[in-house]
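Student: I would like to learn how to read pockets in a protein model. Please start with the terms.

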Amino acid sequence: MLKLSSVTTSYGSTVALRGVSLHVNPGEIVALVGANGAGKTTILNTISGITPASKGTVTFENREIRRWGADRIVRLGLCQVPEGRQLFSDMSVKDNLLLGALSLGMKRRKYQKDDLDKIYGMFPILNERGSQRAGTLSGGEQQMLAIGRALMGRPRLLLLDEPSMGLAPRVMQEIFSCIRSFRDTGLTVLLVEQNARMALRIADRGYVLETGSIIMDGTAEELMENKEVQRAYLGKGYREVWE
């Protein structure tokens, strides 16, 4: 579904990605793990057209999209949940959700009610808070809203950037359980997450990123069992069972 080949992305004279190659198959959850500043968010922004690559190719469903604008890319069904949520804090919860459907154009009228009902079924608290300003929600509720807003665009590939950031452990598990359930609906997910242990528990495959380069890849199980990954990213207790 998605393929990056030898992608280089820079911010001015600073090279953020160095010849990155990766792929995501339909229906997979693929995790990108690495330390802060490794280039994980830059990969997502490069795919989305926010920070275009200077070299290499980005192919989505057999279309080369490296030079496409972000607005055109999102209309293909490639939607991103950004780091820090980036909600419209003075707008209501419902209006934030409706904004997510704008990429569908006139088709949004056909799907809007059903899609809202699905989001409310997934995150009932958003229905309760529908008229409340987004900026007054808790961190966990804001993350649910950010995910819901992206889902309103009916994505075929969902890009998730640090969904666990700033969340309490209980809320974090709730969010990750939701992400894991996307596999059952056929939604493909590329997940950026500093919490490698949580990410690899729900992923099919993963890539390890370090200073702008992919240094390792494999199945989630292979990466969980790799001694270097354990030492650098998983820490003690990496064998804890998902509850």
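Tutor: On a 1 Å grid over the protein atoms alone, a pocket is an open set of points where a 1.4 Å probe fits, with protein on both sides within 12 Å along at least five of seven lines; lining residues have an atom within 4 Å of a point. This is a predicted model, where local features need pLDDT of at least 70, side-chain atom pairs count only at pLDDT 80 or more, and totals for chains, interfaces and linings use all residues. Residues are numbered from 1 along each chain as its sequence is written, and side-chain values use heavy atoms, without hydrogens and water.

Student: Which residues lie nearest the centre of the second largest pocket?

Tutor: They are Lys118, Met122, Leu151, Thr185 and Leu187, out of 13 lining residues. Helix H4 (108-122) and helix H7 (169-185) each give two or more residues to this lining; helices are DSSP runs of H or I, at least four residues, and strands are runs of E, at least two, numbered from the N terminus. H4 gives the most, four residues.

Student: What is the volume of the largest pocket?

Tutor: A volume is the space filled by probe spheres set on the points, which are joined across faces, edges and corners. The largest pocket has about 570 Å³. Its lining has 23 residues, with Val74, Cys79, Gln80, Pro82 and Arg149 closest to the centre.

Student: Which element gives the most to that lining?

Tutor: H2 does, with four residues.

Student: How does pLDDT average over the chain?

Tutor: pLDDT is the predictor's confidence in each residue, from 0 to 100. The chain averages 91, and 96% of the residues score at least 70.
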